[in-house]
Each structure stands twice: as structure tokens, then as C-alpha cells.
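I opened my notebook to record what I looked up, one place in the model at a time. Here is the structure that I worked from.

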Amino acid sequence: MPREPGVAKPDPILVVDNVVRRFGGLTAVDVKHVEIQRGSITALIGPNGAGKTTFFNQLTGFDTADSGEWTFNGRRMNGVPAHKVARAGMVRTFQLTKALSRLTVLENMRLGAQGQSGESFWQALLPFIWRSQEDEITSRADELLARFKLDAKREDFAGSLSGGQRKLLEMARALMVKPELVMLDEPMAGVNPALTQSLLGHVKDLREQGMSVLFVEHDMDMVRDISDWVIVMAQGAVIAEGPPDTIMSDERVIDAYLGAHHDAPLTESELEQQLQEAEEALEAEIEEDKK
Ligand SMILES: Nc1ncnc2c1ncn2[C@@H]1O[C@H](COP(=O)(O)OP(=O)(O)OP(=O)(O)O)[C@@H](O)[C@H]1O
């Protein structure tokens with residue numbers, strides 16, 4: 001396959017055209033064309049501020065693109081809200097895990113089943129409304145919690161989990177909607193080395209089970225280790241694509257990284273602070289939905 005930005009894939013699950021997102025004078029995302037191959041693990045890399053998370057937000061309905069269109073399994077997805085995108089089979093996790101700390105692990109999983117929407121948050125916690133689905137949802141949650149070795153934590157508050165366990169919970173929760181495409185935003189950030197292999201194994205498992213994976217990551221060892229294909233973004237655009245072994249020596253890629261300031265990894269307390277902010281923002285959103 002040619003290693004050019006936007007190269008066509010044999011069987012793409014996601015096809016993106018001309019997605020632009022501006023913040024004031026800044027063009028955060030300007031992706032002309034990109035295809036994600038079904039059944040593979042694709043890494044999305046690029047220096048800080050390249051637009052990776054913003055691009056994820058557009059594709060998954062968490063933010064509205066200024067222009068552009070994209071199809072998932074041939075179905076147009078631009079303008080579709082996040083919970084419907086998730087229910088269609090395209091689900092994402094967050095860079096700062098949104099596992100609500102004052103809910104139990106199991107309650108977080110139930111929320112996942114509702115497809116990440118604020119409006120169904122209360123319904124998810126009021127089992128009598130959903131009694132018929134309740135048993136099925138709980139047994140799926142238990143199955144996933146066992147797979148991710150979180151079953152012993154079922155009744156614990158998500159806030160009591162370690163950073164790595166929260167990442168596992170995020171991934172397990174995303175699987176509640178039985179997705180076809182799983183989008184992971186920095187799955188390795190803030191994960192203790194002891195959990196690294198286990199997380200890598202879980203990501204590879206997704207592919208073994210026939211799912212497609214698209215993940216944003218700064219950890220190049222992880223990118224090299226598990227990806228089938230790498231897409232590189234810089235200043236909002238896709239600048240290179242290719243297999244992991246060749247992409248890291250690509251001149252355009254090296255230039256993009258050298259030209260950008262690369263932040264040091266977050267410390268534990270910075271991570272904690274950001275997690276708290278993300279939770280407050282999500283809770284505010286839920287309050288807003290209740291009105
Ligand atoms: N809500 C927003 N308002 C204004 N500017 C924003 C907003 N979100 C992102 N940006 C800007 O858009 C650009 C792309 O940011 P984005 O977070 O998508 O990059 P990234 O590649 O995910 O970076 P990192 O690897 O550091 O997470 C940055 O310059 C950022 O400051």
C-alpha cells in the first residue's frame with residue numbers, strides 16, 4: 001500500500017473527508033481524507049497540539065466540526081450526537097478517564113450500556129425503568145469486569161481505583177455497547193508499568209475479537225508494539241501514514257516532532273487534578289441535561 005496521507009484501504013470501516021474544526025483564528029483540525037482499515041489496530045500519533053483529540057471529538061459527536069463528512073460502515077455520521085454514534089458501534093474512551101468517582105464500578109458499566117449520553121444517565125441509574133434490560137446489562141457488565149479483572153472491585157467507588165484500573169474500567173465500559181470500532185485516547189497515560197502489559201494485551205484482544213481499534217498515543221513503544229498502521233498528524237493535518245517500523249524514520253514525521261515542543265508526561269498530582277476537572281465538567285453537563 002502506498003505510504004501517502006489519505007491512502008485508500010482495502011476494507012475501510014471509517015472514511016473521513018475534509019473535516020475542519022477552528023477555534024477562533026486557530027485551525028485545530030484540517031483533515032482532507034483518511035481511511036481506517038477494518039479489523040486492524042491503527043495508531044494516531046503527532047506532537048502536542050497536533051489536533052488528535054479534537055479530531056476524535058469531531059468523529060464521535062462530542063464536538064461539532066465546522067465542515068466535513070465521514071462515514072462509519074458506509075453510514076454518514078457527521079452531525080450525529082455522541083450517544084447515537086456509540087450505539088451505532090463507534091465508541092471512544094477519554095484521555096482523562098470520565099469514570100465518575102462517586103459511582104460504583106458496576107454503575108459506571110451500566111452507564112456505558114446507555115451509550116455515553118447525559119440524557120440517559122438518570123435512566124441508567126433507575127433500574128425499574130429498564131427492568132427488562134437490567135439482567136442482560138448486569139450480566140454483560142459482570143462478564144466484562146471479570147475479563148478485565150475488575151470483578152472484585154464491582155461495588156467499590158470508581159474513585160478508589162488506581163489510574164491503570166480506571167483505564168481498564170474505561171475500556172470495559174466502552175465495550176458495553178458491543179462496538180465495532182473502539183477509539184482509545186491515550187490508553188497508556190498515567191498507567192503504572194505493572195499494568196502496561198495487561199493493557200496492551202487487552203487492546204490486542206479487541207482485534208482478536210474482530211473489532212477495529214484507533215488509538216491516540218504518545219508512548220512510541222506501545223505504538224511500535226501493537227499497531228498495524230500509523231497515521232501522523234501535525235498542525236491539524238495528516239502528514240504521513242505507514243507501517244510502524246517505517247513511519248518512525250520518515251523525515252516528515254521527525255521534522256514534525258522536532259519542530260514541536262514535546263511536554264513531559266503528567267505527574268500523578270497533575271493527572272488527579274485533570275481527572276477532577278473532567279468529572280466536574282461531566283457532572284455539570286448531567287445537571288444541565290436534567291433541567
Ligand atoms: N476547546 C478549545 N478551545 C480552543 N482551542 C482548543 C480547544 N480544544 C483544542 N484547542 C486547540 O486546538 C489544538 C489541537 O489540540 P488537541 O488537544 O486536539 O491536540 P492533541 O494532538 O490532542 O494534543 P495532545 O497530544 O497534547 O493531547 C491546540 O492548539 C489546542 O490548544
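I began with Glu-186, which counts as buried because it has 21 C-beta neighbours inside 10 Å. The cut-offs I used, with C-beta atoms placed from the backbone, call a residue buried if 20 or more other C-beta atoms lie within 10 Å of its own, exposed if 12 or fewer do, and partly exposed in between. Glu-186 lies in the loop between S7 and H7, and its phi is near 50 degrees, a positive value in a residue other than glycine. I noted that helices (H or I, at least four residues) and strands (E, at least two) are DSSP runs, numbered from the N terminus.

Before going on I wrote down that residues are numbered from 1 along each chain as its sequence is written. I also wrote that this is a predicted model, in which local features need pLDDT of at least 70 and side-chain atom pairs count only at pLDDT 80 or more, while totals for chains, interfaces and linings use all residues.

**Entry: another loop residue**

I then turned to Lys-178, which lies in the loop between H6 and S7. Its phi is also near 50 degrees, again a positive value in a residue other than glycine. Is Lys-178 buried or exposed? Lys-178 is exposed, because 11 other C-beta atoms lie within 10 Å.

Helix H6 (residues 163-174) has twelve residues, and I found 17 Å from its first C-alpha to its last, close to the 16 Å expected at 1.5 Å a residue. The expected span is 1.5 Å times one less than the number of residues in the helix. H6 is mostly covered, with ten of its twelve residues buried, and among them are Leu-168, Leu-169, Met-171 and Ala-172.

For helix H7 (residues 193-208), the 16 residues should span 22 Å at 1.5 Å a residue, and the end C-alpha atoms are 23 Å apart, which agrees. Which residues of H7 are buried? Leu-199, His-202, Val-203 and Leu-206 are buried. They cover an arc of only 95 degrees around the axis, so they sit on the same side of H7; the arc is that of the directions from the helix axis to the C-beta atoms. On the other side of H7, Ala-194, Gln-197, Gly-201 and Glu-208 are exposed.

I next looked at what lies against the buried residues of H7, and they pack against strand S3 (41-45), H6, strand S7 (181-185), strand S8 (212-216) and helix H8 (220-226). Contact here means that the C-beta atoms of two residues, placed from the backbone, lie within 7 Å. H7 is followed by Gly-210, whose phi is positive, near 95 degrees.

The largest nonpolar core has 71 residues, of which Ala-172, Leu-181, Val-182, Val-213 and Val-232 touch the most other members. Such a core is a set of buried Ala, Val, Leu, Ile, Met, Phe, Trp, Tyr and Cys residues joined through C-beta atoms within 7 Å. Strand S9 (residues 229-234) gives the largest share of this core, six residues. In soluble globular proteins, nonpolar side chains tend to be buried together.

Leaving aside neighbours within four places in sequence, I found Val-232 in contact with residues including Ile-45, Gly-46, Val-238 and Ala-240. Ala-240 lies in strand S10 (residues 237-242) and is buried, with 21 other C-beta atoms within 10 Å.

**Entry: around the ligand**

Which residues surround the ligand? I listed Phe-23, Leu-26, Ala-28, Gly-46, Asn-48, Gly-49, Ala-50, Gly-51, Lys-52, Thr-53 and Thr-54, where a residue is near a molecule if its C-beta atom, placed from the backbone, lies within 6 Å of it. Strand S2 (26-37) and helix H1 (52-59) are the elements that give two or more residues to this shell, and H1 gives the most, with three residues.

H1 is itself mostly covered, since seven of its eight residues are buried, including Lys-52 and Thr-54. H1 is followed by Gly-61, whose phi is positive, near 80 degrees.

**Entry: the whole protein**

Last, I counted eleven helices and ten strands, and of the 291 residues of the protein, 41% count as buried.
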